[in-house]
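Let's take a walk through a protein chain together, one stop at a time. Have the sequence and the 3D view ready, and follow along.

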Amino acid sequence: MSKAQQRRYFNSAGEHQKAILGILQAIGRSRGLDRVWSDWIEVSAIALAKLDLRQADAREDRYRQIMGQYEKDEAQHLAQAFAHLVMAFEESQAAGEFGDLLGSTFMMLDMGSSHNGQFFTPYEVSMMMGMMLMGEGQELVRKVGERGFVRLLEPACGAGGMVIAAAQSLHQAGVPYQQSMHAVAIDIDRRCAHMAFLQLALLHIPAQVIHGNALSGQAWEHWYTPAHIMSGWGARLRQRDEEDGAATKLLISETVDGSQTAIEPKAHSFMPHAARAAAAAGQMTLF
């Protein structure tokens, strides 16, 4: 990213986002910014994933392992950065605003270099592409009305910008995306999966975020947003698959105590044939 582009990103940042930048840059001077970002994203994701009871203990151990590597004041500052992230999303939601806050923060930190190959699409572009896929106004209302909700697959989700843009399209059409859209967001990069989960969770988007390979069907981590778990989306998706006579199984099962768990996936088990074709082309699709 050029210095001019970086300045434009920074000038558009809100106070909470600037606070996050300052905290992470300060700790990164001694710890390494790339490592601090990855650690902060992961522990923040774990903090929002407590409703997934089957994975809670393992994730709590992972949280302690990561935070145990930082001094007490550094750990407190990382917690403050998470609080700023939550407040930034609360303010944007109150104002009816959407965006890829973590993607833009990543770029402001100038980590999107050719060395690590990570670049995040500007949200304005994601919004344009999302509207093209979702449709607008009455067309989008009709799509939701026909089946009760739409399903979205994003096989290379990055920080989740395209899924957020799809939710915004529904919001602008007067359709509550919390009840009318479910997303499966996949990325082969573990850090991207954590970023996407964080943003979708904070925006109350029902979603399953997979650290996996959409082409081979391999899946290494499964993250279910609070909106997915609290609103019973596992049952809703199973019912849809039964109605459609789907040959594949969802990656969700209900345990006796009502918690959510992941089924060990076989190749391509998390998407039907039509969605796999889109995944092969790297395209977000409705199904």
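**A walk through the chain**

Let's start in a loop: His204 sits between helix 11 and strand 3 (207-212). Its backbone does something worth a look, with a positive phi of about 60 degrees even though His204 is not a glycine. Is His204 buried, or is it partly exposed? With a relative accessible area of 44%, His204 counts as partly exposed, because that value falls between the 20% and 50% cut-offs. Keep in mind as you look around that this is a predicted model.

Now zoom out for a moment. The chain holds 14 helices and seven strands. It has 287 residues, and 51% of them count as buried. Look at contacts between residues with a separation of 6 or more: 71% of these are made by residues 24 or more positions apart.

Next, let's go inside. The largest nonpolar core has 68 residues, and the ones that touch the most other members are Trp37, Trp40, Leu85, Leu102, Met181 and Ile205. Which helix gives the most to this core? That's helix 11 (residues 190-202), with nine residues. Apart from this core there is another one, made of six residues, including Leu153, Ile210, Ala214 and Ala219.

Trp40 is found in helix 3 (residues 33-47). Its relative accessible area is 0%, so Trp40 counts as buried. Which residues does Trp40 touch, if you don't count those up to four places away in sequence? The list is Ile20, Leu24, Leu78, Ala81, Phe82, Leu85 and Leu102. Take Leu24 from that list: Trp40 and Leu24 are 16 residues apart in sequence, and their C-alpha atoms are 8.5 Å apart in space. Trp40 also belongs to an aromatic cluster, together with Trp37 and Phe106.

That brings us to aromatic rings. A pair of them is described by two things, the distance of the centres and the angle of the planes. How many aromatic pairs does the structure hold? There are five. One to find on your screen is the pair of Phe197 and Trp223, whose ring centres are 5.2 Å apart.

Phe197 lies in helix 11, and Trp223 lies in strand 4 (residues 219-224). The two parts are 26 residues apart in sequence, so the pair ties them together. Both partners are tucked away from the surface: Phe197 is buried at a relative accessible area of 0%, and Trp223 counts as buried too, at 2%.

Val125, Met128, Met129 and Met132 make a nonpolar surface patch of about 400 Å². Val125 has its place in helix 7 (residues 123-134).

How values were computed. Residues numbered from 1 in each chain as written. Predicted model: local features only at pLDDT ≥ 70, side-chain atom pairs only at ≥ 80, totals over all residues. Heavy atoms only, no water. Patch = residues over 30% accessible without salt bridge, like charges linked within 9 Å, V, L, I, M, F, W, Y side chains within 5 Å. Areas by Shrake-Rupley, 256 points an atom, 1.4 Å probe, with all protein chains shown as cover. Salt bridge = Lys/Arg side-chain N within 4 Å of Asp/Glu carboxyl O. Helix = DSSP H or I, 4+ residues; strand = E, 2+ residues; numbered from the N terminus. Core = buried A, V, L, I, M, F, W, Y, C linked by side-chain atoms within 4.5 Å. Buried < 20%, exposed > 50% of the residue type's maximum accessible area, 1.4 Å probe, protein only. Phe/Tyr/Trp six-rings, centres within 6.5 Å; stacked < 30°, edge-to-face > 60°. Contact = heavy atoms within 4.5 Å.
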